[in-house]
Amino acid sequence: VQPPEKPLQTEEWNRLRESFQSPERFEEVMFNNMVRCNSPIDVAKSLLTHVANSNGDIAYNLLVKYLALCVQQGQTSEIRDVYDIMKIRFRILESGAYNLFIRGLSNSDQWRMALTLLEEVKKNMIPSRTNYESCIKAAIRHQEMNLAFELYREMLAKDLVPTLDVLQAFFDFSRDMKGAELQKELFGILLYLRENQMYPHKTFMWSIKLWFESIPGGNWRGHLTNIKDSGQCPVCNHQLEDSDLTEEEYNNLRERIIRDVIHGTDTFRKTSPQEFEAFQKFVENRLPFDIVIDGLNVSHIKPRKMHCENLFDAVNCLAKENARLLVLGRKHMLGNSSNWKREIMKEMQNKADFFFAENISEDDAFLLYATLQSGKHCKFVTRDFLRDHKACLSNSVTRHLFRKWQRGHQISKKMFLSVFIQQPAFRYDCVVQTTGDTWHIPYKDTFEEKYSYQVPRKWLCIQQK
Amino acid sequence: MQSANVLLKKIVRSSVLPFAAQHGMKKDLFPLSRSLSLSLCLKQDNSCNPSEKLDLDAWKKVMKSGLQEEVSETVPERKELSSLAAAREILGMWRLAGRSVPENISEEQLKTFMDCPSKSAQKKYLKYLYLKELYKKNDKRKIEEKKERRLETQEQASKTDETKRNSFMYVWDNSMERAHSWRVAQSMTFGQPLVFDMSYEKEMSVREVANTVRQIVLGEGSNRRSADPFHIHFCNFQDDSLYHKEFIKHYREAWGKLLITVTDQCYTEVFPKDKLIYLTADSPKVMKTFDHDKIYIVGSMVDKSIKTGVSLARAKRLGLETAALPLEKYLLWNSGAKNLTLDQMMHILLTLKDTGDWKKALEFVPKRKYCGFVSKPVHELKKTLSLINTLKLGKRQEEVRKQFAKNYSKKLTQK
């Protein structure tokens, strides 16, 4: 049903209601449509009056829908009235109504009221991140930066992830403002981006750039650039952080991999204790390797070729320069079959070390273990994204470490005709980084679709003159 | 659109044209009446504007006035509520707001609700309770309707007043039950054992355990009614475990009289190891025939968050032989996980035991999971499958299906 354009009299509402196929839901449907069509508020009021006159009461859900319409049109005084009415009628309100109140009031001059409502929400439940977002933005708009940062910290303490919009608002409204404290807080936001490996989008990046350049007496200059493969910034010639983990992180990751990925809830799910022990012994006797290859994964690169030929090509290609190779496979590769020729396998075993796991074991777990055990220089070859192994890791910090390590150490191969082209592992770490007088911030284009495993290639370089 | 049209026509017929004009009708919807109503509307506008007469804020007065007395009562008692009561009140408000929330909620359910780790978990749990309540209500209503109908027919029967004579007494259910028990009792001594491994409690949530037990109860029922039942063993069964509690909920006092063997021992202690075969969908080995001398083990586990390899790991640890049903060999699999429910497993195993006919046994696999039985050569089936999918789905998905069919044939050739 199309909502009317003008307020109607009770009789007219009645008539409309009777012609509706399910009269008991008429008001609800009508209100939904009013919200959708953004009908004038007077029409909604006339319907409410009609309902109030005929029932002597208005149901909660109708009030909420009316409220949604008011919020949509920014009718602050109406929002206040609805709040007063609801407060009289109901002992507590539910989250939907609170969301609307907070959103509606934070955009008005009565934004402090939104803060008191936020306090009310906190009594019964955890406010949503959009609740905080509205309040923070309102505070920022009114230059109450301290209050905004207080709310922001409170939000982080509750494990809510702020939207990039809020973070951007901080930068937008701090332009041309003085204060060491403020500067510190905004640097803190940049470090938050770094720690959580978040990348600003283009407009956010501009906000950051403009803010830096507006700091009075700061002499900051920003440039957009692409970083060379070597990891050097073409603008300031600064070498970016390399993707290596620290000693502590590295050990932490290795232990986690053994504990969460290989053993997990039950060692038997991926391998068996005997097999894992045998593998550990095997690796320790031959350490360190330079490249660890997932044999089965590599052997499927070219579907038309025999599996062992693919593997043979890969091993030959990587065996140059005396690199020490380890190829992981499964026992069935040893059986002489149409895809696995015994002679070729023999020949390969002269060039690389091989370990064959049981056919029902997971060789990926061994791949990770052997690479990590060999040390930081060791790389591994597989086209697998290793998502399922990442998912086994129990906390997000370790998952980030894993991704970082993976970016720096995984060689995935793309096939062009018959030539192996190595896609080099990243030498530099793709996160927000600073040296004090320079900042390097990777960003993504606004409408760019980025997969979670891809990192942005564009950077903002900011330096202090 | 159509309903709006009908509505408008009605309005026109009842000659309330000025109203129809205010109602903001779509021009293209109703071209004929447009000029008519517009002209009428103009006149109307000049004479009297309805919004002038209307007091738009009248509803506020109603809402505020009707409550003045109540307010004085509610405000002073607005002290700190206990967290449970507060949660109950919030649920009440959610219900008013039209969310899927049950009408009645018990203390225990409220506690589980509050223990949910996240907002989405809470929402899910509430929806579950809400649907449960809805089903219960519907069932109750149906039973009552049935009762009424029965009463009606009885009245009619009493009018005609004709007593029927029958050579059998009405003890059908009872005697059937006795016959079944007799058969199961026989299988307790001579029958082939079937083991349910009850050691997965830690891997499951409370609801999953409840589902597991429900499935086992169904399976046990069909076993009891079959011509040649299994001798069911519950191994690794701990007293006072969640399993135990759920079983008692289902069977009540019958739990003690069930004709099955329940033990806290492991199956490896009860049976010789070389006779055991662990049935698991993750097994690399595929079952060819049903062996009457072997003892099959079924893991009593429902895993909604797909945990692969849990039961395979258990069998590996104990060094047992494993097997999977030959689903891919006989069925053209469509979608869904290959793990079946425990009652489906029971049906399949019973049928295999009786007939040894895979086709008959695999009839119990849910129809939605497969497209048909593999009777024709594989490439023909692939063709029909892709045809079905092009008809059913868009073009893009067809490519995905093709890939799937390719993989499928690859798998077949590997075996």
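In this predicted model, helix 8 of chain A meets helix 9 of chain A through Arg129(A), Tyr132(A), Cys135(A), Ile136(A), Ala139(A) and Ile140(A) on the helix 8 side. The partners from helix 9 of chain A are Met145(A), Leu147(A), Ala148(A), Leu151(A), Tyr152(A), Glu154(A) and Met155(A). By class, the residues of this contact are 11 nonpolar, no polar and two charged. Helix 8 covers residues 129-141 of chain A and helix 9 covers residues 145-157, and their axes come within 8 Å and cross at roughly 165°. Angles over 145 degrees count as roughly antiparallel, and helix 8 and helix 9 of chain A are therefore roughly antiparallel to each other. The crossing of helix 8 of chain A with helix 9 of chain A is left-handed.

A second contact within chain A joins helix 4 (residues 60-73) and helix 6 (residues 95-106), whose axes come within 10 Å and cross at roughly 20°. Helix 4 and helix 6 of chain A are therefore roughly parallel to each other. Their crossing is left-handed. Helix 4 of chain A contributes Tyr60(A), Val64(A), Leu67(A), Ala68(A) and Val71(A), which meet Ala97(A), Leu100(A), Phe101(A), Arg103(A) and Gly104(A) of helix 6 of chain A. The residues of this contact comprise eight nonpolar, one polar and one charged.

Another helix pair links the two chains. Helix 3 (residues 41-55) of chain A packs against helix 5 (residues 58-65) of chain B at an angle of about 40°, and the axes are 7 Å apart. That angle makes helix 3 of chain A oblique to helix 5 of chain B. The crossing of these two helices is left-handed. From helix 3 of chain A, the contact uses Lys45(A), Leu48(A), Thr49(A), Ala52(A) and Asn53(A), and from helix 5 of chain B it uses Ala58(B), Trp59(B) and Val62(B). Five nonpolar, two polar and one charged residues make up the contact of helix 3 of chain A with helix 5 of chain B.

| Helix pair | Crossing angle | Axis distance |
|---|---|---|
| Helix 8 and helix 9 of chain A | roughly 165° | within 8 Å |
| Helix 4 and helix 6 of chain A | roughly 20° | within 10 Å |
| Helix 3 of chain A and helix 5 of chain B | about 40° | 7 Å |

The second largest pocket holds about 1700 Å³ of space. It is lined by 38 residues, and those closest to its centre are Tyr125(B), Tyr128(B), Lys132(B), Arg207(B) and Ala210(B). Helix 8 (107-115), helix 9 (119-160), helix 11 (206-225) and helix 12 (242-251) of chain B each supply at least two residues of the pocket lining. Helix 9 of chain B gives the largest share, 10 residues. By class, the lining of the second largest pocket has 12 nonpolar, eight polar and 18 charged residues.

Across the whole structure, a search finds one cavity of 30 Å³ or more. The largest cavity has a volume of about 30 Å³. Its lining consists of Val184(B), Glu220(B), Asn223(B), Arg224(B), Phe230(B), His231(B), Ile232(B), Leu259(B) and Ile260(B). Helix 11 and strand 2 (231-235) of chain B each supply at least two residues of this lining, and the largest share, three residues, comes from helix 11 of chain B. The lining of the largest cavity divides into five nonpolar, two polar and two charged residues.

Notes
Residues are numbered from 1 along each chain as its sequence is written. Chains are lettered from A and ligands numbered from 1 in the order in which they are written. This is a predicted model: local features need pLDDT of at least 70, side-chain atom pairs count only at pLDDT 80 or more; totals for chains, interfaces and linings use all residues. Side-chain values use heavy atoms; hydrogens and water are left out. Axes are lines fitted to C-alpha atoms, for helices over the stretch in contact, and angles run from 0 to 180 degrees between N-to-C directions. Helices (H or I, at least four residues) and strands (E, at least two) are DSSP runs, numbered from the N terminus. Angles under 35 degrees count as roughly parallel, over 145 as roughly antiparallel, 65 to 115 as roughly perpendicular and the rest as oblique. A crossing is left-handed if the near helix is turned anticlockwise from the far one by less than a right angle, and right-handed if clockwise. Contact means heavy atoms within 4.5 Å. Ala, Val, Leu, Ile, Met, Phe, Trp, Tyr, Cys and Pro count as nonpolar, Asp, Glu, Lys and Arg as charged, and the others, Gly among them, as polar. On a 1 Å grid over the protein atoms alone, a cavity is a set of points where a 1.4 Å probe fits but cannot get out, and a pocket is an open set with protein on both sides within 12 Å along at least five of seven lines; lining residues have an atom within 4 Å of a point. Grid points are joined across faces, edges and corners, and a volume is the space filled by probe spheres set on the points.
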